[in-house]
Amino acid sequence: MILILGRGKVHAQQRDAALAAAAAMSEASMAEDGCHEYSFWVSSDDPNWILLVVRWEDDAALMAHAAAPHMKS
């Protein structure tokens, strides 16, 4: 199992667009073989901080994800 954590701060004016893009990325990624979780979480302290939690079955699944069309944009 591979666990990836990331976080980033978005500009308040871009927050809604960032969350919409995150939802689309999550949906596309969860449809891939070997993806166990692709979640975005908003901080309760500052709603412009977003945490990414991703779990992949193995290296092969993660590498296939990196080559997926939705990862090119």
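By class, how many nonpolar, polar and charged residues does the lining of the largest pocket have? Before I answer: this is a predicted model, with local features needing pLDDT of at least 70, side-chain atom pairs counting only at pLDDT 80 or more, and totals for chains, interfaces and linings using all residues. Residues are numbered from 1 along each chain as its sequence is written, and side-chain values use heavy atoms, without hydrogens and water.

The lining has six nonpolar residues, no polar and no charged ones; Ala, Met, Phe and Ile are among the types counted as nonpolar. They are A18, A21, A22, M25, F40 and I50. A pocket here is an open set of 1 Å grid points where a 1.4 Å probe fits, with protein on both sides within 12 Å along at least five of seven lines, and lining residues have an atom within 4 Å of a point. Helix α1, residues 15-30, supplies four of the lining residues, the largest share; helices are DSSP runs of H or I, at least four residues, and strands are runs of E, at least two.

Now the rings. The search finds two aromatic pairs, where centres must lie within 6.5 Å, and planes under 30 degrees apart are stacked, over 60 edge-to-face, the rest tilted. Y38 and F40 are tilted, at 6.0 Å and 55°. Y38 and W56 sit 6.4 Å apart with planes at 80°, so that pair is edge-to-face. Y38 is in strand β2 and W56 in strand β3, so the pair ties together parts 18 residues apart in sequence. W56 is buried at 0% relative accessible area, buried meaning under 20% with a 1.4 Å probe, protein chains only.

Technical notes: Buried < 20%, exposed > 50% of the residue type's maximum accessible area, 1.4 Å probe, protein only.
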